Amino acid sequence: MIPEINYWAVLLAMLSSMIVGSIWYTPKVFGTRWARLANVDISGSAKSAVWPIITTVLVSFVTAWVLAGASAIAWHFYEGSFFSAAVVTSILLWAGFTAARFITHDAFEGRPTQLTTLNIAHELVTLGIMAVLIGVWPPAGI
């Protein structure tokens, strides 16, 4: 079975990821704290950010696409509300993959717990908003 996917919702979810990241990591929100904890110099040129931004767009698309597909599969399995399937799926994927992997890698790399918490919280918010957008616009036929 190939899961049904609303690609317009996936594109909106991808864009939401960019917006959340732009707000989350702005210096007046968590950017200054993140840069200090991660030991990153945020005073670099805009030119040095081009490849990381392109990478983020591509990865955000893949994340939204996988979340949309997993939500469709979960909805078929559990039935009920597609919106609920998307939100619950995002939380489970975040906990089982994103948060768990960040915690493991950051522990071995000796990163500060505050940095890990800040980054996994960002991912939870990002996936939650993606799930809402995907859940509100289910694929045709669902």
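## The largest pocket

The largest pocket in this predicted model is lined by 36 residues, and those that lie nearest its centre are G21, Y25, P52, T56 and H122. The volume of the largest pocket is about 1300 Å³.

A pocket here is an open set of points, on a 1 Å grid over the protein atoms alone, with protein on both sides within 12 Å along at least five of seven lines, whereas a cavity is a set of points where a 1.4 Å probe fits but cannot get out; lining residues have an atom within 4 Å of a point. Grid points are joined across faces, edges and corners, and a volume is the space filled by probe spheres set on the points.

## Basis of the description

Because the model is predicted, local features need pLDDT of at least 70 and side-chain atom pairs count only at pLDDT 80 or more, while totals for chains, interfaces and linings use all residues. Residues are numbered from 1 along each chain as its sequence is written, and side-chain values use heavy atoms, with hydrogens and water left out.

## Overall fold

The secondary structure of the protein comes to five helices and zero strands, which gives the pattern α-α-α-α-α when read along the sequence; helices (H or I, at least four residues) and strands (E, at least two) are DSSP runs, numbered from the N terminus. The C-alpha trace spans about 50 × 30 × 25 Å along its principal axes.

Of the 142 residues of the protein, 32% count as buried, where buried means under 20% relative accessible area, exposed means over 50%, and partly exposed lies in between (1.4 Å probe, protein chains only). Among the contacts (heavy atoms within 4.5 Å) with a separation of 6 or more, 74% are between residues 24 or more positions apart.

The 29 residues of α3 should span 42 Å at 1.5 Å a residue, and its end C-alpha atoms are 41 Å apart, which agrees; the expected span of a helix is 1.5 Å times one less than its number of residues. The buried residues of α3 are S60, A64, L67, A68, G69, S71, A72, A74 and W75, and they pack against α1, α4 and α5.

Just after α3, E79 takes a positive phi of about 60°, and this residue has its place in the loop between α3 and α4. E79 is exposed, with a relative accessible area of 57%. A positive phi in a residue other than glycine, near 60°, also belongs to N39, which is found in the loop between α2 and α3 and is exposed, with a relative accessible area of 71%.

## Helix α4

Helix α4 (residues 82-109) has 28 residues and reaches 38 Å from its first C-alpha to its last, close to the 40 Å expected at 1.5 Å a residue. The helix bends by about 40° at W94, the bend at a residue being the angle between axes fitted to the seven residues ending there and the seven starting there. At the N-terminal end, S81 caps α4 with a side-chain oxygen that lies 3.2 Å from the backbone nitrogen of F83, and after the helix comes G110, whose phi is positive, near 70°.

Buried in α4 are F82, A85, A86, T89, S90, W94, T98, A99 and D106, which pack against α3 (50-78) and α5 (113-136). H105, also found in helix α4, is partly exposed, with a relative accessible area of 42%. Between the C-alpha atoms of H105 and W65, which are 40 residues apart along the chain, the separation is 25 Å.

N119 lies in helix α5 and is buried, with a relative accessible area of 8%. Leaving aside neighbours within four places in sequence, N119 is in contact with Y25, W34 and F102.

## The enclosed cavity

A search of the whole structure finds one cavity of 30 Å³ or more, and the largest cavity has a volume of about 40 Å³. The residues that line the largest cavity are E4, I5, N6, A9, V10, A68, F82, I134, W137 and P139.

Notes
A polar contact is a pair of N or O atoms within 3.5 Å; within protein, one must be able to donate a hydrogen and the other to accept it, and residues adjacent in sequence count only if both atoms are side-chain atoms.
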